[in-house]
Amino acid sequence: MELGLACSVCGHLNQLRAVSCDRCAAVLAPQPIAPSAVLPNLGAHPATGAGSPARPVTQVSTASSSPATVPLPSGMQAQPPSPQNGAGKPPSTVISSVQPSSAVPAQPRFNAVTGAPLEALQSKPAAKTMFFGALQQQHVVPRLVVIKGEGGDGVTYHLSATNHVVGRSTGEIRFNEDFFLSPEHALFSVQGNRLFAKDLGSINGVFVRIKSPVPLDHGDCFLVGEQLLRLDSAPFNEPGPDANHTYSYTSPRPDARFRVVQLLAGGGEGRIVSAQGTTLTLGREANHMNFPQDRFISGRHARLDSASDSHHIILTDTGSRNGTFVRIKGAVELFHGDYIFIGQQLLRVEIS
């Protein structure tokens, strides 16, 4: 390795003792050389080029007065330490090359993404998986929520016992001012986490809102808006003469499998509409059976279809706002979110 002073003007490498550049005569200002660049390893002798004998440098230590020598490349002179407090007194500091650093790099204290202290994250205990089987086995108390006229929730009845009777004058749940309720109208039974409803022979029955197409039999009743309707699927009688062999005047018989009968207040029958082939639609307008004055009926409310594989007639709600309700027969299981009409009371079932 060739050592010298580089000229800052032309870059020529001059002798270490040179005062001016041999090429451009510019004044040389030598830069201080870092000790680590001159002495890469204090404990080993650096390799020297041919014809460049190493020269010793003196190291002064406070622990011993005997000097230690470390070879330097040719052309470099060791500078003796300046005496302090007299020429014959050794200095109190050690002059040597820089020792290799053994310090460990500082570890980051904060998360670079979240900014949270890493110590808090490291000290936080690991999350444990909890067993919620006990929660699943808790006893669920079904509830009946009264829906008020404006659509909001009213009184809530918790069915904590096994049997609950709903009526006008008897039972655990009473509506004394509802004269469409029988004195003992319906029974609600809780079996485990399941709820069942049964009509107790009331005059007006118990109606449940349908959530999917349901089959109807002859004589079944259902509610559409404020209309109470009955299905008539009995076959027509064959025309014939009376005992005197006289035929009666009649209208032509429609080619329909079933009819829908409107039941009026006081027990009379209102309109009777026959199906068009195998289908009959109901609503406020543009249907086979329309009720334009009923504000609780949607434009296209419900539909009845003849089942091709049985004698049943299938009732389907066609996306109405207020729903279609069917009168129950016997005990029927209720589910969370079901709606029930009893008398003039609209109830919502909650099982959760």
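A salt bridge is a side-chain nitrogen of Lys or Arg within 4 Å of a carboxyl oxygen of Asp or Glu. The model used in these exercises is predicted: local features need pLDDT of at least 70 and side-chain atom pairs count only at pLDDT 80 or more, while totals for chains, interfaces and linings use all residues. Residues are numbered from 1 along each chain as its sequence is written, and side-chain values use heavy atoms, with hydrogens and water left out.

**Exercise 1. Find the salt-bridge partner of aspartate 338, and say which parts of the chain the pair links.**

Step 1. Start with the pairing: aspartate 338 meets the side chain of lysine 211 in a salt bridge, at 2.9 Å from N to O.

Step 2. Strands here are DSSP runs (E, at least two residues), numbered from the N terminus. Aspartate 338 lies in the loop between strand 22 (331-334) and strand 23 (339-342), and lysine 211 in the loop between strand 11 (206-209) and strand 12 (214-216). The pair links distant parts of the chain, 127 residues apart.

Step 3. Check the surroundings. Buried means under 20% relative accessible area, exposed over 50%, and partly exposed in between (1.4 Å probe, protein chains only). Aspartate 338 is buried at 5%, whereas lysine 211 is exposed at 61%.

**Exercise 2. Work out how exposed each member of the pair lysine 329 and aspartate 217 is.**

Step 1. Confirm the salt bridge: the closest N and O atoms of lysine 329 and aspartate 217 are 3.5 Å apart.

Step 2. Locate the ends. Lysine 329 sits in the loop between strand 21 (324-327) and strand 22, and aspartate 217 in the loop between strand 12 and strand 13 (221-224), 112 residues apart.

Step 3. Read the accessibilities: lysine 329 counts as exposed at 54%, and aspartate 217 is partly exposed at 26%.

**Exercise 3. Describe how strand 24 is paired and how enclosed it is.**

Step 1. Two strands pair if DSSP finds at least two bridges between them. Strand 5 (residues 143-147) and strand 24 run antiparallel and are joined by four bridges; here leucine 144 has valine 349 as its bridge partner.

Step 2. Turn to strand 23, which also runs antiparallel to strand 24 with four bridges. Phenylalanine 341 has leucine 346 as its partner. These two strands form a hairpin with two residues between them, and glycine 343 in the turn has a positive phi of about 60°.

Step 3. Strand 24 (residues 345-350) is largely enclosed by the rest of the structure, because five of its six residues are buried.

Step 4. Glutamate 350 and arginine 348 meet in a salt bridge (2.8 Å, N to O), and both are buried. Arg143, Asp153, Arg348 and Glu350 are linked in a network of salt bridges.

**Exercise 4. Characterise the setting of arginine 259.**

Step 1. Arginine 259 is found in strand 15 (residues 259-263) and is buried, with a relative accessible area of 6%.

Step 2. List neighbours, taking contact as heavy atoms within 4.5 Å. Leaving aside residues within four places in sequence, the contacts of arginine 259 include Arg230, Asp232, Phe236 and Ile272.
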